[in-house]
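The following paragraphs guide the reader through one protein model, step by step. Please keep the sequence and the three-dimensional view at hand while reading.

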Amino acid sequence: MAEEKEAALEERERYVQDLFRRVAPTYDFLNRLLSFRRDVAWRRYTARQAGLRPGDSVLDVATGTGDLAFELAAVVGPSGRVVGLDFTEEMLALARRKADKLGLGGVCRFVQGNALHLPFADGEFDAATIAFGLRNVVDRDRCLLEMRRVVRPGGRVLVLEFSRPVWPVFREVYLIYFRYILPLIGRLVQGDADTYRYLPETVLAFPDQEALAARMHELGLRNVRYHNLTGGICCLHIGEV
Ligand SMILES: C[S@@+](CC[C@H](N)C(=O)[O-])C[C@H]1O[C@@H](n2cnc3c(N)ncnc32)[C@H](O)[C@@H]1O
């Protein structure tokens, strides 16, 4: 039974990795388009809430094409260290190229690895972030525990993720956009119906603001709080180690 469960999780991981492999070339373009560029502001806000100072060291889990890592680099400055980890090499290749273009190659390092087995020592970082990644990992608890493990006592674990809009009318309009229009645009640009069905499916299955905060607390994070962004389309959860 345990072996069957393990095999199903591995298959799911391969599916997710394959999906991001295919999406990589259009990922940034579609992010900006589908979010009306709000994604840039959401990541910038996250970086500023990480409690980091110049010279600090931070891990960005499921970094993808590195956009949050670059915002974190602006906070820790040239004497700081940002490590971006992802298991999809095609996404990392784009992150490395962008880092070179931005002149951030010295601060940001991108490594291939699995969020469920972080290849770092206990307490190695001042903070750990994950943006639009927790929804994609096959074991959320394990990912959060790993993030907690690699952050020093007093440091922060931050989760930026799609959530549940809180403004009534806006919520209905958003749900129509999210369920029907967004997959259509995704299909037209990406030419692949599967990929942009995956987004609404995983978002709607993800815990809401209160449930995620409670889980983070149960997993040992302290002083857990959250900030709704753009009416709760996105939410930033912060916990302390
Ligand atoms: C929606 S993208 C988010 C990328 C980026 N953080 C951003 O803000 O745009 C999700 C990323 O999670 C990565 N991912 C999913 N499961 C993972 C795992 N178990 N370990 C490492 N990366 C994973 C995927 O490869 C993909 O790049």
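Which residues does V82 touch, not counting residues up to four places away in sequence? In this predicted model, V82 touches V58, D60, A69, L72, A73, V76, V107 and C108. V82 also belongs to the largest nonpolar core, which has 57 residues. Together with V58, V61, L72, A128 and M147, V82 is among the members that touch the most other members of this core. Helix α3 gives the most to the core, with seven residues.

The sheet may be considered next. Strands of a sheet pair through backbone hydrogen bonds, either parallel or antiparallel. Here, seven strands form an open sheet with mixed pairing, and their order is β3-β2-β1-β4-β5-β7-β6. Because β3 (108-112) and β6 (222-229) stand at the edges with a single partner strand each, one side of each has no neighbour in the sheet. On average, neighbouring strands of this sheet are turned by 15 degrees against each other, direction ignored.

Helices lie against this sheet. Helix α3, residues 67-76, lies across β1 (57-61), β2 (81-86), β3 and β4 (125-131). Its direction runs at about 165 degrees to β2. Helix α5, residues 140-150, also packs on the sheet, where it touches β1, β4 and β5 (151-162). The direction of α5 makes about 145 degrees with that of β5.

F110 is found in strand β3. Is F110 buried or exposed? F110 counts as buried because it has 25 C-beta neighbours inside 10 Å, and the cut-off for a buried residue is 20 or more. Leaving aside neighbours within four places in sequence, F110 is in contact with T63, G66, G84, L92, A95 and R96. F110 and E4 are 106 residues apart along the chain, and their C-alpha atoms are separated by 33 Å.

Six bridges join β6 to strand β7 (residues 234-240), and the two strands run antiparallel. Within this pair, N228 stands opposite C235 in β7. Residues up to four places away in sequence aside, N228 touches V166, Q209 and C235. N228 has 16 C-beta neighbours inside 10 Å and therefore counts as partly exposed. From N228 to V203, 25 residues away in sequence, the distance in space is 15 Å, C-alpha to C-alpha.

Two loop residues have a backbone angle worth noting. F132 lies in the loop between β4 and α5, and it has a positive phi of about 55 degrees although it is not a glycine. With 22 C-beta neighbours inside 10 Å, F132 counts as buried. T230, found in the loop between β6 and β7, is not a glycine either, yet it has a positive phi of about 45 degrees. T230 counts as partly exposed, since 17 C-beta neighbours lie inside 10 Å.

The last stop is the ligand. Of the 20 residues around the ligand, A62, G64, T88, A115 and A131 come nearest. The elements that give two or more residues to this shell are α1 (2-34) and α3. Helix α1 gives the most, with three residues. By class, the shell has 11 nonpolar, seven polar and two charged residues.

How values were computed. Residues are numbered from 1 along each chain as its sequence is written. This is a predicted model: local features need pLDDT of at least 70, side-chain atom pairs count only at pLDDT 80 or more; totals for chains, interfaces and linings use all residues. Two strands pair if DSSP finds at least two bridges between them. Helices (H or I, at least four residues) and strands (E, at least two) are DSSP runs, numbered from the N terminus. Axes are lines fitted to C-alpha atoms, for helices over the stretch in contact, and angles run from 0 to 180 degrees between N-to-C directions. Two residues are in contact if their C-beta atoms, placed from the backbone, lie within 7 Å. A residue is buried if 20 or more other C-beta atoms lie within 10 Å of its own, exposed if 12 or fewer, and partly exposed in between; C-beta atoms are placed from the backbone. A nonpolar core is a set of buried Ala, Val, Leu, Ile, Met, Phe, Trp, Tyr and Cys residues joined through C-beta atoms within 7 Å. A residue is near a molecule or strand if its C-beta atom, placed from the backbone, lies within 6 Å of it. Ala, Val, Leu, Ile, Met, Phe, Trp, Tyr, Cys and Pro count as nonpolar, Asp, Glu, Lys and Arg as charged, and the others, Gly among them, as polar.
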